[in-house]
Amino acid sequence: MKHLPVASCLVAIALSACAPDQRPGQTEESPIPHLMQRNGRYALCVDRAPFLVLGAQVNNSSAWPAMLPQVWTAAKDIGANTLEVPVYWEQVEPTPGLFDFSVVNKLVKEAQSRGYRLVLLWFGTWKNGSGHYQPLWMKHEPAKYPRLVGRDGRPVDSPSPFAAETLAADKRAFAGLMHHLALNDARRIVIMVQVENEPGTWGSVRDFSPAAQQAFGATVPTELLQALGRSGDNGKNWAEVFGADADETFHAWSVARYIGQVAAAGKAEYPLPLYVNVALRDPLNPGPASGYESGGATDNMIAVWKAAAPAIDLLAPDIYFSDDARYRKVLDLYHRPDNALFVPETGNSPAFARYFFEALGHQAIGWAPFGIDYTGYVNAPLGAPRMNAETLAQF
């Protein structure tokens, strides 16, 4: 990682300068970070200059104050300029409507004192396809905040995108977080926010609850058909339009529509760049939707997500494929004219280091290995079997 500051400078020079014009809600002294597209390239603009995210994503439970000493040391050893850290809904809103942002405040304060930027990861309705980070008061009322229903009529351990009360609560909580940042992060330490975490569903291609079944039998939304260039299919239902892909397409639209509303509520409070990360399907041999996390922004559903969730600025692949062909294919698929390439998660074993330069070659705005802290947790075989200073020195 010693060469990364040089790479950052080269990328910044190659990109056009970020526009100096004012954006709503910002002052001349502290511009709000934003994405810019110019001359066919994207840049993340921070302090009026292109900013390359040399990231380090901490382990899922490492954003608590007691863990932070093991985080900052590892971030320094890897040469990161940005940390990606979770914000847990269950901690932020332990009582309905009452928010506790003390952990967020500590993260921002300590990052600022050490010279790091932050990307916050909202562990809200979805976390890796489940709802395990929802507050306890929601888990105590499964009828009010339901999981989705599988084809066999049994509940699946995944939130339903048709749960209106869950959506209302997530919109309120995420808007509260963004409002708090707008008022308390004048130095713009937080430069992007991830909305949910690898949303979608394992174990069922879609929701088969009564509300979902009713929506599935209805006509496909006009805005989706227009986005896909299929206006001639107006008036037809999902099965009629999409055939064998109807279940997956319907679920992707439903999940994206839900998250798009959460994102819009937050962006109305504070317009930081927002993204959704993606649990990928095999880019070369994808197989049926039952074999991967259905409903997420997998490569075959990018256009659906773009149409359903315009408040999301980019769709970001979490890449754990260790072979060159698959890794490069994912970069190709998510480097699009309508999508800034950002790799928010990738393997942390030394073999993955070479892919940083592949990402740069695809004009990525950032790249971050997962599990960069010294808390002792590892996610092998997706990453290194242990994380210590020696491992990072190889990386």
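**Entry 1: strand 9**

I began with strand 9 (residues 190–197) and found that eight of its eight residues are buried, so the strand is largely enclosed by the rest of the structure. Buried here means under 20% relative accessible area, with exposed over 50% and partly exposed in between (1.4 Å probe, protein chains only). Helices (H or I, at least four residues) and strands (E, at least two) are DSSP runs, numbered from the N terminus.

A note to myself on the source: this is a predicted model, where local features need pLDDT of at least 70, side-chain atom pairs count only at pLDDT 80 or more, and totals for chains, interfaces and linings use all residues. Residues are numbered from 1 along each chain as its sequence is written, and side-chain values use heavy atoms, leaving out hydrogens and water.

Which strands pair with strand 9? I found strand 6, parallel to strand 9 over six bridges, and strand 10, also in the parallel sense, over two bridges. Two strands pair if DSSP finds at least two bridges between them. Tryptophan 122 has valine 195 of strand 9 as its bridge partner, while valine 193 stands opposite leucine 274 in strand 10.

**Entry 2: aromatic pairs**

Next I looked up ring pairs. Rings of Phe, Tyr and Trp (its six-membered ring) pair if their centres lie within 6.5 Å; planes under 30 degrees apart count as stacked, over 60 as edge-to-face and the rest as tilted. By this rule I have 20 aromatic pairs. Tryptophan 122 turned up again: its ring and that of phenylalanine 174 have centres 6.0 Å apart and planes at 50°, so the pair is tilted. Tryptophan 122 belongs to strand 6 (residues 117–127) and phenylalanine 174 to helix 6 (residues 164–184), so the pair links distant parts of the chain, 52 residues apart. Are these two residues buried or exposed? Both tryptophan 122 and phenylalanine 174 are buried.

I then checked tyrosine 275 and phenylalanine 342, an edge-to-face pair at 5.2 Å centre to centre with 85° between the planes. Tyrosine 275 is in strand 10 (residues 274–279) and phenylalanine 342 in the loop between helix 12 (324–334) and strand 12 (345–346), so this pair ties together parts 67 residues apart in sequence. Tyrosine 275 and phenylalanine 342 are both buried.

I also noted a cluster in which ring pairs link Phe162, Phe216, Trp238, Phe242 and Phe250.

**Entry 3: arginine 206**

What does the charged end of arginine 206 sit over? I found the ring of phenylalanine 216, with 3.9 Å to its centre. Arginine 206 also lies over the face of phenylalanine 208, at 3.9 Å from the ring centre. The rule: NZ of Lys or CZ of Arg is within 6 Å of the ring centre and within 35 degrees of the ring normal.

**Entry 4: the core**

The largest nonpolar core has 117 residues, and Leu118 and Trp305 touch the most other members. Such a core is a set of buried Ala, Val, Leu, Ile, Met, Phe, Trp, Tyr and Cys residues joined through side-chain atoms within 4.5 Å. Helix 10 (residues 246–269) gives the most to this core, with 10 residues.

**Entry 5: helix 12**

Last, I went to helix 12, where Tyr327, Val330, Leu331 and Tyr334 are buried. Seen down the helix axis, the buried residues fall within an arc of 100°, so they line one face of helix 12. The arc is taken from the directions from the helix axis to the C-beta atoms. The buried residues pack (contact means heavy atoms within 4.5 Å) against several elements, including strand 10, helix 11 (302–308) and strand 11 (314–319).
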